[in-house]
Amino acid sequence: MHYSKIFIPTLKESPADAEVVSHKLMVRAGMIRQVASGIYTILPLGLRVLKKVEQIIREEMNRIDGQETFLPSIQPAELWQESGRWDFYGKELLRIKDRHGREFCYGPTHEEIITDMVRKEVKSYRQLPLTLYQIQTKFRDEVRPRYGIMRGREFMMKDAYSFHADDASAKETYQDMAGAYSNIFKRCGLEFKMVVADSGTIGGNFSHEFAVLADSGEDHIGFCDSCDYASNLELAEAKAPSPSADNTEQDDLKEVSTPGKKSVKEVAEFLSVSPEKIVKTIVLDSDQGLVAGLVRGDHEINPIKLKNLIGAEWLHPADAKTIAEKTDVPCGFVGPVGLKLKVFADREVGALSNFVTGANKTDAHFTGVQVDRDMKIEKIADIRKVIEGDPCPRCDSGTYQVKRGIEVGHIFILGTKYSESMKAHFLDPNGKDSLMVMGCYGVGVGRTAAAAIEQNHDEKGIIWPVPIAPFAVHIIPTNYSQEAVKNASDSAYRILQEKNIEVLLDDRPDRMGVKLNDADLLGIPLQIIIGPKNLEAGKVELKVRKTRVSELHDYPGVLDNIPGILDDLLS
């Protein structure tokens with residue numbers, strides 16, 4: 001492609017509303033333009049990148065017998081009402097009406113549509129397992145769209161759905177999909193982690209995220225520095241405490257005055273105890289009513305873990321007014337002794353003795369508290385947040401590292417959540433009517449491209465990994481109007497195209513400084529700089545965008561080496 005024939009409206013300055021590098025650089029490099037909040041036009045250079053990502057996805061989906069389809073983006077409300085998600089999904093669901101007053105939504109995901117189609121067509125176990133996927137536009141009315149195409153309202157996504165006769169088959173496809181996703185992100189040139197994750201509004205009982213490690217990531221990823229365990233920090237397991245060898249005699253329960261002392265730090269200093277010997281009582285509101293969670297004073301409660309433990313649809317910390325109204329206890333002095341709420345304790349609280357808690361009255365705490373003597377605990381489980389440096393729950397030598405990550409893929413085992421509500425049945429080998437077991441699997445196409453930039457850039461611009469670069473080679477003549485330079489540039493362009501290498505030839509009459517700055521901004525992996533002086537010596541300059549290393553090579557002989565040079569850049 002000649003630069004003069006492709007639409008690349010580059011900018012010198014970043015947009016004022018851009019917060020992250022990928023947003024800034026995609027706008028500056030002429031890849032995207034905003035139409036409305038969270039809605040973008042993808043320009044030719046950006047679309048070339050997205051198509052590269054799509055092709056890698058297709059190849060890996062087809063490799064595990066996925067079959068591509070294309071589902072409608074506008075979905076009837078009846079299907080969402082049937083699954084129970086029409087009201088539950090919330091304001092992110094864009095609801096619309098047609099001219100007849102019938103309600104529809106613009107699909108944020110396609111579980112209902114695919115389940116409806118399969119239940120009508122699949123009747124026998126002989127037709128299972130079945131994996132269908134699509135690459136299509138989705139819309140989620142985010143309350144605060146930001147970060148360009150990384151968190152837009154309208155976005156391109158690959159979503160796949162699998163249907164099975166039993167759990168064993170579903171788990172087999174899940175593992176195949178995990179392998180395919182790993183291959184996708186490896187082929188895109190990304191550093192990533194497969195992490196244990198929460199299923200969120202999609203539902204199901206088992207899921208993993210694929211997170212690209214980047215400082216701009218919205219999620220925190222906890223992973224072991226010794227083994228391959230990794231998890232979204234919301235679900236990261238804490239290592240179980242060792243069996244206590246503490247033979248200390250149990251103290252009597254004692255109420256002590258702690259005037260104005262509410263925080264762990266204040267109480268610890270006032271009573272001359274360590275934060276580890278104080279137990280915090282966190283009151284949370286849920287669809288099951290108020291509940292209390294107990295964690296050590298040096299730890300924080302994990303609401304996601306507690307929500308999953310009690311089987312709640314939603315759960316969040318209760319405000320001070322609600323706590324005071326429903327427990328008659330002022331915030332800051334709540335404790336589990338005599339508390340008229342269901343109480344759940346972290347495992348490390350269960351290993352304590354002679355600890356301190358709130359006394360359920362202003363300016364008072366209990367000392368000498370014992371779990372088995374002084375309170376009623378519904379369940380003891382892992383309900384705390386892990387922190388960097390905590391021991392790994394899966395191996396003996398590792399500790400947690402915590403980094404930010406960008407979610408680019410998510411895989412779920414849904415079980416029978418949708419097949420039960422939408423009556424997706426089949427006949428098993430014994431002629432018995434059974435529910436299909438489902439899985440679903442998503443990749444954000446635009447997010448993957450944006451995450452690649454977040455992980456691969458410098459102060460000059462983008463550094464594309466070779467597999468998803470819009471072009472592999474960028475030919476930059478110093479003066480295209482000069483005959484010798486033009487002939488050499490055109491010849492190099494033609495030869496590389498014959499080798500099936502995608503090339504951008506900068507045939508613009510602009511100054512060399514403009515061309516080089518644009519080349520670094522666009523981030524094409526390999527630059528060939530052709531000038532008259534080097535040509536007289538039979539040379540051209542090759543510059544690797546990632547390393548910025550420039551070397552002179554024999555021309556035209558070096559053109560035969562370009563495929564190998566690009567292969568080396570893959571490693």
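The legends below describe close-up views of a predicted model.

Residues are numbered from 1 along each chain as its sequence is written. Local features require pLDDT of at least 70 and side-chain atom pairs pLDDT 80 or more, while totals for chains, interfaces and linings use all residues, and side-chain values use heavy atoms, without hydrogens and water.

**View 1. Tyr181 and Phe185 form an edge-to-face pair.** The structure holds eight aromatic pairs. Rings of Phe, Tyr and Trp (its six-membered ring) pair if their centres lie within 6.5 Å; planes under 30 degrees apart are stacked, over 60 edge-to-face, and the rest tilted. The ring centres of Tyr181 and Phe185 are 6.2 Å apart with planes at 85°, so this pair is edge-to-face. Both residues belong to helix H6 (residues 167–187), four residues apart, about one helical turn. Helices (H or I, at least four residues) and strands (E, at least two) are DSSP runs numbered from the N terminus. Tyr181 is buried, at 0% relative accessibility, and Phe185 is likewise buried at 0%. Buried means under 20% relative accessible area, exposed over 50%, and partly exposed in between (1.4 Å probe, protein chains only).

**View 2. Phe192 and Phe210 form a tilted pair.** Their ring centres lie 6.3 Å apart and the planes meet at 40°. Phe192 is in strand E9 (residues 192–196) and Phe210 in strand E10 (residues 206–213), so that distant parts of the chain, 18 residues apart, are linked. Phe192 and Phe210 are buried. Together with Tyr181 and Phe185, they form one aromatic cluster.

**View 3. Tyr181 lies in the largest nonpolar core.** A nonpolar core is a set of buried Ala, Val, Leu, Ile, Met, Phe, Trp, Tyr and Cys residues joined through side-chain atoms within 4.5 Å. This core has 58 residues, and Met31, Tyr181, Phe185 and Trp464 have the most contacts inside it. Leaving out residues up to four places away in sequence, Tyr181 has contacts (heavy atoms within 4.5 Å) that include Met61, Lys158, Phe210 and Tyr441.

**View 4. Two charged side chains sit over tyrosine rings.** A charge sits over a ring if NZ of Lys or CZ of Arg is within 6 Å of the ring centre and within 35 degrees of the ring normal. The charged end of Arg146 is 5.2 Å from the ring centre of Tyr147. For Lys417 over the face of Tyr418, the distance is 5.5 Å.
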